[in-house]
Amino acid sequence: MTVNAKTSPSAGNTWRDLPAAQQPEYPDAEALRAVIADLEAYPPLVFAGECDQLRARMAAVAKGEAFLLQGGDCAEAFDAVSADHIRNKLKTLLQMGAVLTYAASVPVVKVGRIAGQYSKPRSKPTETRDGVTLPVYRGDSVNGFDFTEASRIPDPERLKRMYHASASTLNLVRAFTTGGYADLRQVHAWNQDFVRTSPSGQRYEQLAREIDNALHFMRACGTDPEEFKTVEFFSSHEALLLDYESALTRVDSRTGKLYDVSGHMVWIGERTRQLDHAHIEFASKIRNPVGIKLGPTTTAEEALRYVDRLDPEREPGRLTFIVRMGAGKIRDRLPELVEKVTASGAAVAWVTDPMHGNTFEAASGHKTRRFDDVLDEVKGFFEVHKALGTHPGGIHVELTGDDVTECVGGGDEIFVDDLHQRYETACDPRLNRSQSLDLAFLVAEMYRDQ
Ligand code: PEP
Ligand code: CO
């Protein structure tokens, strides 16, 4: 790895000739250039070899030999870079991972929406409150959440803060996952605790007991595998701000290939996936495993063109389709995509994002999602794959380890009238800790019925 390498002047910047949607309009171009130069000199946040490792893990997902659990905040925030928040999020993901591993009987690839998820595509460029119209909040990497004129001006210095926030988050994540905290027996004890104390816990007692028996059996046999003590965990985020992503794109000295070293996996969002635009061009140049969000209007022809552009070698693990159609549409729209892509010989990983097609505004004005819609979209995803004989590769969810009240429903039911109590998201509503664990147990049951 070339630690202090510059971006490759041509290869990593070919996107600059193309239209790029959702980019901030910085008032001071010179200030942006100076920030980019600084970022180009910063050390990588992840190693190219780790990205290769994740690509190999995703190849197993694409082949039906592993399951992806990808989750975290809709938008990370600079003031939420604290040990408590990071630990709670990680703990929730690890608990979900343990349940899913047992139920699916295959490795669960764990990827956080973490350490880089600071930039948000928005449906509208402005926001109006009480007759005042200001530029919309685009994530902490761009402007401030406060509804004031000064705060909403895009500031390139925030790109550097994103880098540092990502670095300190990743540092703690690496410590937690390799330093003993993530031991499987400990994670299982947390799950037992959840089953004991959650209102819907009884439903999961059987599964938790089975896992307990399996662990006891192994201990009785005298096995104490190293794999129980540490966890392989990867980072991911939407590659939205191309100035940032390309400043962190480096030539790997082993292979001579370009890697976006801002995270292990990056994805292109629903609003920036235009085939002949900058984001797809950027993604086509890097060797990281990449995802594309596919909304309900995606055609099979488009999906095939993504394969051609991003995975011309048909390499399992390179490309993941993250489907976010909505509970009411997935059963209708997904089959044709899966059929045609599979028939083309491409080996992509299919993952469901049951969040972004199920958002609505409650009477209180809060953006929210119903737990039952989320669950129903996952069910639809599993049904489609079962009918076609293909592999439901994983779930991509917005969640937090904290007890927020942002999505309605779940075993520890949250009502529309509760939303105001702890509505803390900087963007979309997230499943809270108990809703996330509910989802994991329910998906585990689905997987076993598959
Ligand atoms: C997101 O993942 O937060 C997001 C904005 O998703 P999408 O691009 O699918 O709308
Ligand atoms: Co979101």
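A donor here is an N, O or S atom within 2.8 Å of the metal. The model is predicted.

**Exercise 1. Identify the residues that coordinate the cobalt ion (ligand 2) and describe their spacing in sequence.**

Step 1. Four residues supply the donors: Cys74 through SG, His356 through NE2, Glu398 through OE and Asp428 through OD. Their distances to the cobalt ion run from 2.1 to 2.4 Å.

Step 2. Written as a pattern, the spacing of these donor residues is C-x281-H-x41-E-x29-D.

Step 3. Check accessibility, where buried means under 20% relative accessible area. Both Cys74 and Asp428 are buried.

**Exercise 2. Describe the surroundings of ligand 1 and its polar contacts with Arg113, Lys293 and Arg324.**

Step 1. List the shell: Cys74, Arg113, Lys120, Pro121, Gly269, Glu270, Arg271, Lys293, Arg324, His356 and Glu398. Among them, Cys74, His356 and Glu398 also coordinate the cobalt ion (ligand 2).

Step 2. Read the distances from polar side-chain atoms to oxygen atoms of ligand 1. For Arg113 the distance is 2.9 Å; for Lys293 it is 2.7 Å; for Arg324 it is 2.7 Å.

Step 3. Consider the cover. Ligand 1 taken alone exposes 290 Å², and the protein buries 98% of that area.

Technical notes. Residues are numbered from 1 along each chain as its sequence is written. Chains are lettered from A and ligands numbered from 1 in the order in which they are written. This is a predicted model: local features need pLDDT of at least 70, side-chain atom pairs count only at pLDDT 80 or more; totals for chains, interfaces and linings use all residues. Side-chain values use heavy atoms; hydrogens and water are left out. Donors are N, O and S atoms within 2.8 Å of the metal (3.2 Å for Na, K and Ca); water is not among the atoms, so sites may look incomplete. Buried means under 20% relative accessible area, exposed over 50%, partly exposed in between (1.4 Å probe, protein chains only). A residue is near a molecule or strand if one of its heavy atoms lies within 4 Å of it. A polar contact is a pair of N or O atoms within 3.5 Å; within protein, one must be able to donate a hydrogen and the other to accept it, and residues adjacent in sequence count only if both atoms are side-chain atoms. Accessible areas come from the Shrake-Rupley method with a 1.4 Å probe; for residues, only the protein chains shown count as cover.
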